[in-house]
Number of protein chains: 2
Amino acid sequence: MSGDARNPTLASTRSLIVPNDDCESAVHRGALSWITSANGVRSDFPLANLPFCVFALPSDSGKRKIGVGIGRFVLDLGAVAEAGLLGELASDVSAGCRAQELNRLFGMGRETVRELRSALTMLLAQDSPLRERERDSVEKLLYAQKDVVFELPFVVGDYTDFLTSLNHATNVGRLYRPDNPVLPNFSSLPVAYHGRASSLIPSGVDFIRPQGQYRQGHGGAVTFGPTCKLDLEVEIGLFIGRGNALGTTIPIEEADAHVAGLCLLNDWSARDIQAWESQPLGPFLGKSFATSVGSWVVTLDALEPYRTAPAARQSEADPLLPYLHDALDQSVGAFEIHLDTWLLTGAMREAGAEPTLISSAEFSRDCYWTFAQMIAHHTVNGCNLRCGDLLGSGTISGPYAGSEGSLLELTKGGSAPLTVGHGESRTFLQDGDEITITAYCARADDPAVPRIGFGECRARVVEAATASSHSNVN
Amino acid sequence: MSGDARNPTLASTRSLIVPNDDCESAVHRGALSWITSANGVRSDFPLANLPFCVFALPSDSGKRKIGVGIGRFVLDLGAVAEAGLLGELASDVSAGCRAQELNRLFGMGRETVRELRSALTMLLAQDSPLRERERDSVEKLLYAQKDVVFELPFVVGDYTDFLTSLNHATNVGRLYRPDNPVLPNFSSLPVAYHGRASSLIPSGVDFIRPQGQYRQGHGGAVTFGPTCKLDLEVEIGLFIGRGNALGTTIPIEEADAHVAGLCLLNDWSARDIQAWESQPLGPFLGKSFATSVGSWVVTLDALEPYRTAPAARQSEADPLLPYLHDALDQSVGAFEIHLDTWLLTGAMREAGAEPTLISSAEFSRDCYWTFAQMIAHHTVNGCNLRCGDLLGSGTISGPYAGSEGSLLELTKGGSAPLTVGHGESRTFLQDGDEITITAYCARADDPAVPRIGFGECRARVVEAATASSHSNVN
């Protein structure tokens, strides 16, 4: 028995599948969706985006589902697959859609996800020949984003954080080494360290101000208590799709094929704890208490219109080693993404005030290294990346005042407080403060290309736990 | 229907269960096993040890099983549970025994594992009233250790490596900072960094010499190629049993309850890559190509007779912060373990020579911090540890020549080559070199307490991969 005979929907959607390139081209030129909220000029989630997420319904005992963002909604992808609305999907792709995290689906490789997005585009496009009854079926599987709980999109094996913004390296280095702010390896390799995977938290989950030991002032006594210098770090994250085997490399030209997509990231940092512990082995407890991960995974296919040339090399006298040089295409791995960071204090919340914009930066313009270079470097020693591994760009800071991606930089180490809300000031974060990072891509040179967005990455600081608040879990 | 009626074996083994304390006491005093190879004075695996492992049979398509070491054998714990030989085990414990990794079993907590070891002791003790037919049943589930393939014992979420040996910190620090070898935070907190979990490999699996960028000499040109300074790091690892929730702490007095057991660890290091990349964020590609994990997880219950006082504090003027001070028992977390490290070069292997002993050290005597302190520190900021997480002690180096746990130290940064085998010399590792770490605990003051061992942690260096050897996996 053929699929057509069993389910008339299969036949109609299958007939919609057109070559991927045509499809991508149409949506990149602003094809509309029959879901009208997707077509607003300020929507993060037009038909051209279709980012992936994992979500749960509060009423459904926390059971996680895979979703795709469209307008104000999230489409339940598992239910779409179960309803046979995606045409002749292979059974393993269907199983990937019905999983509780994105690893299985994106582990199948970029082509599979591309075909899936094409099929979804056909389901959601305004000019698709979908029948009324089929639109009804799809519509029943939409949930308002405001009504769902977002979870981590992938099970993350390892989390690596890079240092790719020269402005950030310079700003922070200047505070600690005024004569020698940027170390000599910065322009030779994308510096990175291993982060903590267990304390990654989804956007919307608050975290407790960490305690730890630190020195009060340079050379001061070592004390213990809640951090006095709680900071944020504005970053773009990258999830690995297909991995590589231990002992093999991912050449820079092949890096894109291993990318699931990009997300927002906030690598919360306790500057006083970090400063005291970090020598000689790098950051540890100053970071490992929480890292917030944005809800949405935006695919490279959606980001295609926003590819851009990587930042210019610092110096001709500092040539790239061949494994970091992309001979095929200088623009691989660089994307133009505008980032905004917003602060809402407890007092502002009580007064019903809107968040204050504290920083705006540009992802690729303000980065010295591309993600393709980071992936090539990460694996050049044979290190294996696994599906779901998370790579952070490191703090993204621009060259201008107000473009720095951390309070450490925005307030010059705490010496120049920010004025926020109605007469409040901030050096570092106070209990009750909430930080939200948003981001979007837009083409000023071509308004026909729709803006796409990353949703938000948000968390609030909760007062430090008392010593007796420990509990055990597995 | 009672278990007794269903299966006569259940009745007989259940009747053997005696209070745990008596049982532990008997085996700690050298109770014998009917498996005679367990009773030899040089056996790593007497009845008193019963360490856990995960193994596969080459003939069985790599299906992983949980095992327990006894004499020259590994006992198939899943099959033992399935055969009903463990008495009235709860069904979830039985499921834990039949899993493919130790996470499920050890996630149930230390008491559960203790009861399981008691039941196994009853099955394997010489003086147990086991009937001939029951011994036959057990005997059929034994495999010679030499015939099985050992796998990683746990699925590791995060791997953290500490810096606990003052001798190591001093020896290495002296090479880079002659005037200031040990940094001021060393005696205030157990310094640590996040390691790479994906490249953990089981003992017996070889690894490829990593490539990377490094400078030739201080301030020399940056070049790319296979590391010239491949080194080992002799460590003890600790697997977490029950974890803690994000935002909570594990107080030092409760640390032991969260420990699954200890293992051998070799944190391979490319010193030239590490030296060039490590500032300001710590080690990355210089370590992430491979870390070898010993096959056996030795429980704290087995290690009980070898508890010892932690090393004396460096200075009275440098008091411990309260969260690192164990008010209940100063000896918590410190164990006396003797470590030996052996080198077999390719030439020695061809000549049929035995490995050369290149280093011997004592785990606790040569460590400044205990594992209980490391766990309390790791979680003091609210960082969550998960079942299966791996903590490394860091390189264990003693105070004497020949007790250093790395070639960097043994050869004084490569300036004093070791003589090995028949006239060969080594500064760092050559292709074909194989390093084996072994370890045991013995009580010179009380010969009635049987020696227990850790088996081995072994790997060989394979020539660097050529650039074209990359491949993709999920």
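**Close-up views of a predicted two-chain model**

**Figure 1. Strand E2 of chain A and its two partner strands.** Strand E2 (residues 64–70) of chain A has 6 of its 7 residues buried, so this strand is largely enclosed by the rest of the structure. The model shown here and in the following views is a predicted one. Strand E1 (residues 52–56) of chain A pairs with E2(A) in the antiparallel sense, over 5 bridges. Within this pairing, A:Phe55 has A:Lys65 of E2(A) as its bridge partner. E2(A) is also joined by 4 bridges to strand E3 (residues 73–76) of chain A, and these two strands run antiparallel. Here A:Gly69 stands opposite A:Val74 in E3(A). E2(A) and E3(A) form a hairpin with 2 residues between them, and A:Gly71 in the turn has a positive phi of about 55 degrees.

**Figure 2. The open sheet of 5 strands in chain A.** The strands of this sheet follow the order E9-E24-E23-E18-E19 (chain A), and their pairing is mixed. Strand E9 (207–208) and strand E19 (356–362) of chain A stand at the edges, each with a single partner strand, so one side of each lacks a neighbour in the sheet. E9(A) runs parallel to strand E24 (residues 452–462) of chain A, the two being joined by 2 bridges. A:Ile208 stands opposite A:Val462 in E24(A).

Figure 3. Strand E6 (residues 159–162) of chain B is joined to E7(B) by 3 bridges, and the two run antiparallel. In this pair, B:Phe162 stands opposite B:Ala192 in E7(B).

Figure 4. Helix H7 (residues 110–124) of chain B has 15 residues and reaches 21 Å from its first C-alpha to its last, close to the 21 Å expected at 1.5 Å a residue. Of the 15 residues of H7(B), 12 are buried, so the helix is largely enclosed by the rest of the structure. Among the buried residues are B:Val113, B:Leu116, B:Leu120, B:Met122 and B:Leu124, together with B:Arg110 and B:Arg117. The side chains of B:Glu111 and B:Arg114 meet in a salt bridge (2.6 Å, N to O). B:Glu111 and B:Arg114 are 3 residues apart in helix H7 of chain B and are therefore separated by about one helical turn. B:Glu111 is partly exposed, with a relative accessible area of 42%.

Figure 5. Over all chains, the structure holds 50 salt bridges. One of these joins A:Asp267 to A:Lys287, with the closest N and O atoms 3.3 Å apart. The pair links distant parts of the chain, 20 residues apart. A:Asp267 lies in the loop between strand E15 (259–266) and strand E16 (269–270) of chain A, whereas A:Lys287 lies in the loop between helix H10 (271–277) and strand E17 (291–293) of chain A. Both A:Asp267 and A:Lys287 are buried. Salt bridges that share partners join A:Asp231, A:Glu233, A:Asp267, A:Arg271 and A:Lys287 into one network. In chain B, the side chains of B:Asp60 and B:Lys65 meet in a salt bridge (3.9 Å, N to O). B:Asp60 counts as partly exposed at 27% relative accessibility, while B:Lys65, at 16%, counts as buried.

**Figure 6. The relation between chain A and chain B.** Chain A is superposed on chain B by a rotation of 180 degrees with 0.0 Å of shift along its axis (RMSD 0.0 Å). The two copies are thus related as by a two-fold rotation axis. In chain A, the C-alpha nearest the axis belongs to A:Gly282, 2.1 Å from it. Of the interface residues of chain A, 100% are also interface residues in chain B, so the copies meet through the same surface.

Methods: Residues numbered from 1 in each chain as written. Chains lettered and ligands numbered in written order. Predicted model: local features only at pLDDT ≥ 70, side-chain atom pairs only at ≥ 80, totals over all residues. Heavy atoms only, no water. Pairing = 2+ DSSP bridges. Least-squares fit on C-alpha atoms with pLDDT ≥ 70 in both. Contact = heavy atoms within 4.5 Å. Expected span 1.5 Å × (residues − 1). Buried < 20%, exposed > 50% of the residue type's maximum accessible area, 1.4 Å probe, protein only. Salt bridge = Lys/Arg side-chain N within 4 Å of Asp/Glu carboxyl O.
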